[in-house]
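Here is a short briefing on one protein model. Please keep the sequence and the 3D view open while reading.

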Amino acid sequence: MNFIQGKAGWIEVVCGSMFSGKTEELIRRLRRAQIAKLKVQVFKPTIDSRYSADHIASHSAQKLLAKAVRSAQEIVDAVEKDTQVVGIDEAQFFNQDLVDVCQKLANRGIRVIVAGLDQDYRGVPFEPIPQLLAIAEYITKNNAICVVCGNPASRSQRIIPEGDRVVVGAQEAYEARCRLCFDPQLPEKIKQKTEKRASKSAPASRQPEARL
Ligand SMILES: [Zn+2]
């Protein structure tokens, strides 16, 4: 990807479902840049507190130092003058301002690499990733493997009841599924089943909760 001459920057988006290796790919690209002695800065939203507060980390435990920011605007303010590569993880947790921020940085000659979920757990496009895909020079869409049938998986299936807080690690709350095995109604179905079971065995309230 080094055939762009001169000072032009560009935007790369790495998207896909959970467990598709987005962060792993982001880390791989950023590491290559560091090895080439380019100045790299990495950002992530403060909402993603999994694994480590000052790192981005993939499920396979690869890590890279990152600055946690509360808004996309904070990224612009924090990018230093001589920075050549900017990495942004969990981009779906930023608002639409991120699109403008990425444009600004790329226009300044920076290589911007953004990783994020392209669909939410209902299978709906997850803003601002669709907008970023439209303006990016390079797009990588990763698939995971469906845990039900083994086909390429493009969806993040939520397997805990609707309404539960997503404090549990992503590993327990979601699994990768293909379009055939994906069921956006599943969290609601699990909730109803759990409630039915709970009302049947109401007096025995000492049962441990199924999942948190
Ligand atoms: Zn499947």
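Asp97 sits in helix 3, which spans residues 97-107. The model is a predicted one. The protein has 212 residues, and 36% of them count as buried. Its secondary structure comes to six helices and twelve strands.

**Confidence**

- The mean pLDDT of the protein is 86, and 82% of its residues reach 70 or more.
- Over residues 205-212 the pLDDT is below 50. This stretch has five contacts in the model beyond near neighbours in sequence.
- Where pLDDT is low, the predicted coordinates should not be read in detail.

**Asp97 and its surroundings**

- Setting aside residues up to four places away in sequence, Asp97 touches Ser71, Ala72 and Gln73.
- Asp97 and Gln73 are 24 residues apart along the chain, and their C-alpha atoms are separated by 7.2 Å.
- Across the protein, 73% of the contacts with a separation of 6 or more join residues 24 or more positions apart.

**Helix 3**

- Leu98, Val99, Val101, Cys102, Leu105 and Ala106 are the buried residues of helix 3.
- Seen down the helix axis, these buried residues fall within an arc of 165°, so they line one face of helix 3.
- An α-helix has 3.6 residues a turn, so residues three or four places apart point the same way.
- The cover over the buried residues of helix 3 includes strand 1 (10-16), strand 6 (85-88) and strand 7 (111-117). It also includes helix 2 (72-78) and helix 4 (129-135).
- Helix 3 lies across strand 1, strand 6 and strand 7. It runs at about 155° to strand 7.
- Gly109 follows helix 3 and has a positive phi, near 100°.

- Six strands form an open sheet with parallel pairing, in the order 5-2-6-7-1-8.
- Strand 5 (67-69) and strand 8 (138-142) are the edge strands, each pairing on one side only.
- Neighbouring strands of this sheet are turned by 20° against each other on average, direction ignored.
- Strand 1 and strand 7 pair in the parallel sense over seven bridges. Glu12 has Ile113 of strand 7 as its bridge partner.
- Helix 1 (residues 22-35) packs on the sheet. It touches strand 1, strand 2 (40-45), strand 6, strand 7 and strand 8. The direction of helix 1 makes about 165° with that of strand 7.

**Leu133 in helix 4**

- Leu133 is found in helix 4.
- Leu133 touches Val13, Cys15 and Ile139, not counting residues up to four places away in sequence.
- Leu133 and Ile11 are 122 residues apart in sequence, yet 9.1 Å apart in space, C-alpha to C-alpha.

**Strands 11 and 12**

- Strand 11 (residues 155-158) and strand 12 pair in the antiparallel sense over four bridges.
- Gln157 has Glu175 of strand 12 as its bridge partner.
- Strand 12 covers residues 174-177. Tyr174 and Ala176 point one way from it, and Glu175 and Arg177 point the other way. All of these residues are buried.
- In a regular strand the side chains alternate between the two faces of the sheet.

Methods: Residues numbered from 1 in each chain as written. Predicted model: local features only at pLDDT ≥ 70, side-chain atom pairs only at ≥ 80, totals over all residues. Helix = DSSP H or I, 4+ residues; strand = E, 2+ residues; numbered from the N terminus. Contact = placed C-beta atoms within 7 Å. Buried ≥ 20, exposed ≤ 12 C-beta atoms within 10 Å, placed from the backbone. Arc of directions from axis to C-beta. pLDDT = per-residue confidence, 0-100. Pairing = 2+ DSSP bridges. Axes fitted to C-alpha atoms, helices over the stretch in contact; angles between N-to-C directions.
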